[in-house]
Amino acid sequence: DIELKNESSRKGVGDDCAVLAPQEGMHTLVTTDMLMEGVHFDLTYVPMHYLGYKAVIENLSDIYAMNGRPRQITVSLALSKRFSVEDVEQLYSGMRQACEEHGVDIVGGDTTSSLTGLAISITAIGEARPEDIVYRNGARETDLICVSGNLGAAYMGLQLLEREKMVYNQQMEAARRSGNEREMEYLNTMQPDFAGREYILQRQLKPQARRDIVEALAKAGIRPTSMMDISDGLSSELLHICTQSHTGCRIYEERLPLDYQTAAMAEEFNMNVTTCALNGGEDYELLFTVPLSDNERIQQIEDVHLIGYITREELGHALICRDGVEMELKAQGWNPLKKET
């Protein structure tokens, strides 16, 4: 049985439909994400529990990005025959953990068979007072650009996992060609050494939705003028805000928040850490703008960083590098409709 925690959840799993009764004076927020095996996740290195957790968090993050509070989710799965009952239980255990941490009810869904692997579709339902909802199109000239947490860690975690997968595949292929069964058995039990890289792996495998930032903003009496969560990369998200708000922007390279493990991993891969921070994606941090008059109050909120400001549209979108050179911001993050070249 799934115990319902929200007053607005009148009837959950067990009937043909869930029954919801949103509070008077509140607007309903709805968001849906679909995750496809081989496109959005790789079960070679993603445990089922973490996959379930992350699938829920991605949706809850969208609700928080509208300055709302998530209340319910529905879960639909398509599974091939290779998945066991235990696999599904692990997937749902991750989903339930995320829901419990955020006070969200699972109120329905569907399960069907698949010929191609695993697909997960989650719909999240939330609520907010009409005057509290924050859209992407509200940024205005002189607004401050803020971001929570740090950037690029999830992307570097993914690069690390992909490298270890490639090494494993190469070693396994060599063992197969030589007919070395003992080596193949050893490789199947071997675990990579991720010591000192735990943080970036957690950021990729088990990200957090920033409810704490939304609550801190409300407590401080700050209503952002625009807001998004960073799923496709800072550059892409900031350009979305600027395009819909008809503004330009200036952000400063030296102000981009970075974790030490992110910088160290980027150096090991010979990658530019600023590029990783701008375009990595899957950080699920909040990117938002606030009026200049909120400058002092916003700086009192822990784990929020001022990275730039909004300008007139004709001034364009620029990154001010550490040496003072201006570079045009480009959307190089994840684009699901982008054609392969």
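Author: Three helices, α3 (153-178), α4 (181-189) and α5 (198-205), each supply at least two residues of the lining of the second largest pocket. Helices (H or I, at least four residues) and strands (E, at least two) are DSSP runs numbered from the N terminus. The model is predicted, so that local features need pLDDT of at least 70 and side-chain atom pairs count only at pLDDT 80 or more, while totals for chains, interfaces and linings use all residues. Residues are numbered from 1 along each chain as its sequence is written, and side-chain values use heavy atoms, with hydrogens and water left out. The largest share of the lining, 6 residues, comes from α3. The pocket holds about 510 Å³ of space. Of its 17 lining residues, Thr 44, Tyr 45, Met 190, Gln 191 and Pro 192 are the closest to the centre. A pocket here is an open set of points on a 1 Å grid over the protein atoms alone, where a 1.4 Å probe fits, with protein on both sides within 12 Å along at least five of seven lines; lining residues have an atom within 4 Å of a point. The volume is the space filled by probe spheres set on the points, which are joined across faces, edges and corners. By class, the lining has 11 nonpolar, 4 polar and 2 charged residues, where Ala, Val, Leu, Ile, Met, Phe, Trp, Tyr, Cys and Pro count as nonpolar, Asp, Glu, Lys and Arg as charged, and the others, Gly among them, as polar.

Turning to the sheets, 7 strands form an open, mixed sheet in the order β8-β10-β7-β11-β9-β12-β13. Strands β8 (226-229) and β13 (326-328) stand at its edges with a single partner strand each, so one side of each has no neighbour in the sheet. Two strands pair if DSSP finds at least two bridges between them. The twist averages 25° from one strand to the next; axes are lines fitted to C-alpha atoms, for helices over the stretch in contact, and angles run from 0 to 180 degrees between N-to-C directions. Helix α6 (residues 211-219) packs on this sheet, touching β7 (144-148), β10 (286-290) and β11, and its direction makes about 15° with that of β10. Contact means heavy atoms within 4.5 Å. Strands β9 (residues 247-252) and β11 (residues 304-312) are antiparallel over 5 bridges, and Gly 248 stands opposite Thr 311 in β11.

An open sheet of 4 strands, also with mixed pairing, has the order β3-β6-β4-β5. Within it, β3 and β6 (residues 119-128) pair in the antiparallel sense over 10 bridges.
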